[in-house]
Amino acid sequence: MTEQLKEGNGGHTHQKEHKQKLKNWKEIPIGGKILEAGNSKEYKTGDWRTFRPIHIPEKCTNCMICWMICPDSCVNVGGVDDPNKGKKGVSDKPNLGNFGGFDLDYCKGCGICAEECPFKAIEMKEEKEFKD
Amino acid sequence: MANIRELALTNERLAPGHRLCPGCGLSIIARAVMRGTKDPIVVATATGCLEVSTTIYPYTAWNVPWIHNAFENAAATISGAEAAYKVLKKKGKINKEIKFLAFGGDGGTYDIGLQSLSGALERGHNFVYVCLDNEGYMNTGIQRSSSTPYGAWTNTSQVGKIHKGKEQFKKDLTAVVAAHHIPYVAQASSHNYMDLVRKAEKAFAVKGPAFINVLSPCVPGWKYPMQLTQKLAKMAVDTCFWPLFEVENDKWILNYDPGDNKKPIIEWLKMQKRFRHLMKPENTHIVEQLQKNVDFRWENLKKLCGKG
Ligand code: SF4
Ligand code: SF4
């Protein structure tokens with residue numbers, strides 16, 4: 001059984017238990033069909049990670065570059081209301097995605113997001129610093 | 001074109017949980033390309049890293065209809081699907097607009113799939129082919145392809161007393177495809193993602209075949225720290241090793257000219273351990289050869305684009 005834990009830091013979620021049970025032969029559909037699109041979501045690649053991205057909200061401008069370039073689609077898209085709306089350089093258009101935290105179930109810790117964030121709003125920290 | 005924050009609200013067509021290496025360029029590119037159209041798409045993928053890593057049984061990372069096929073026939077497969085769609089549309093059995101997309105690596109495009117791609121382009125099917133060029137057969141353990149650069153180490157272009165890495169220059173596939181005189185051909189890079197999305201939009205919009213060749217840095221194959229994928233792609237463009245350009249109805253357009261900031265090729269080489277042997281003084285002539293080749297091709301391209 002897995003349990004989603006909410007963490008204080010930037011809406012991180014973390015899988016408590018990483019056990020991934022393979023189906024036995026009776027459970028596999030006839031013909032070996034895969035019945036659900038995108039079911040790779042059941043396979044958590046988060047345990048590959050040795051460094052964890054940490055978000056620094058004060059520096060973040062919600063530019064969403066990290067979302068665009070994450071190879072593992074694990075920057076979540078938050079609510080559409082922009083807290084910076086109207087501030088200098090921020091469009092006041094509705095319907096814009098916001099930074100919504102990292103999906104640590106899949107983040108492989110490559111560090112591309114930290115490297116490419118133009119505002120240095122992401123830091124990589126060694127995984128052993130975290131107890132969970 | 002939508003900006004990133006608007007794109008962020010569109011559906012994710014490649015789910016996480018795939019098993020590409022951390023920091024891989026392939027999925028960055030695939031995600032960006034599939035944002036080039038709002039219409040439903042059908043995807044075929046030639047054998048290669050993207051294909052095997054996204055579809056390890058019993059999982060699939062694809063949120064779109066996806067066809068598996070062999071190394072050499074992604075273009076043939078997708079042209080068959082497109083032809084079937086046309087017939088069904090004519091018979092009134094389908095009435096929505098559907099786009100067809102094929103992904104192939106450099107092995108599946110520059111080498112093994114070249115004839116099926118050429119055939120599909122010549123027949124004029126309405127599809128987009130995207131080559132994800134990581135400059136070698138990385139999925140099978142880093143062997144050379146016709147896309148591997150001159151001087152690069154691979155498992156089949158070894159470095160020793162006599163041989164110093166690959167002894168042939170990279171094939172200019174984008175020009176080969178342009179010689180088919182199809183409506184749209186482009187070269188793009190993962191670091192310039194908005195340029196990539198724009199090119200994908202154009203490619204999906206044209207009637208007839210379209211082709212985009214995208215350089216995709218490979219962490220274990222090129223041997224660099226995994227967080228630098230976008231930096232590697234950018235340096236390839238800044239050294240003019242991988243110029244960004246498009247060919248629209250036979251008109252060549254240069255998208256980016258670093259001008260006086262054009263960097264020497266050694267800047268790109270020294271970021272990658274596959275070129276480590278070229279840093280030795282006795283191998284400088286290889287770097288010079290490569291530089292000459294890069295300069296020659298760059299000047300040639302500028303002429304084609306009316307900038308020379
Ligand atoms: S790239 Fe940096 S500034 Fe932009 S949304 Fe991500 S964390 Fe925020
Ligand atoms: S570290 Fe890599 S996988 Fe994790 S969120 Fe950043 S870009 Fe994505």
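Buried area is the accessible area, found with a 1.4 Å probe, that two parts lose on being put together, summed over both. Between chain B and chain A this area is about 3600 Å², and carbon and sulfur atoms give 60% of it. In chain B, the residues that lose the most area to chain A are Arg5(B), Pro16(B) and Tyr59(B), together 22% of what that side buries.

The model is predicted: local features need pLDDT of at least 70, side-chain atom pairs count only at pLDDT 80 or more, and totals for chains, interfaces and linings use all residues. Residues are numbered from 1 along each chain as its sequence is written, and chains are lettered from A and ligands numbered from 1 in the order in which they are written.

Contact (heavy atoms within 4.5 Å) joins 38 residues of chain B to 43 residues of chain A. Two salt bridges are counted between chain B and chain A, a salt bridge being a side-chain nitrogen of Lys or Arg within 4 Å of a carboxyl oxygen of Asp or Glu. Lys231(B) forms a salt bridge with Glu115(A), with the closest N and O atoms 3.5 Å apart.

The ligands come next. The residues surrounding ligand 1 (those with a heavy atom within 4 Å of it) include His55(A), Cys60(A), Cys63(A), Cys66(A) and Cys117(A). This shell divides into nine nonpolar, three polar and no charged residues. Around ligand 2 stand, among others, Cys70(A), Asp72(A), Cys74(A), Lys108(A) and Cys110(A). The shell of ligand 2 holds eight nonpolar, two polar and two charged residues. In this division Cys counts as nonpolar, and Asp and Lys count as charged.

Conventions
Side-chain values use heavy atoms; hydrogens and water are left out.
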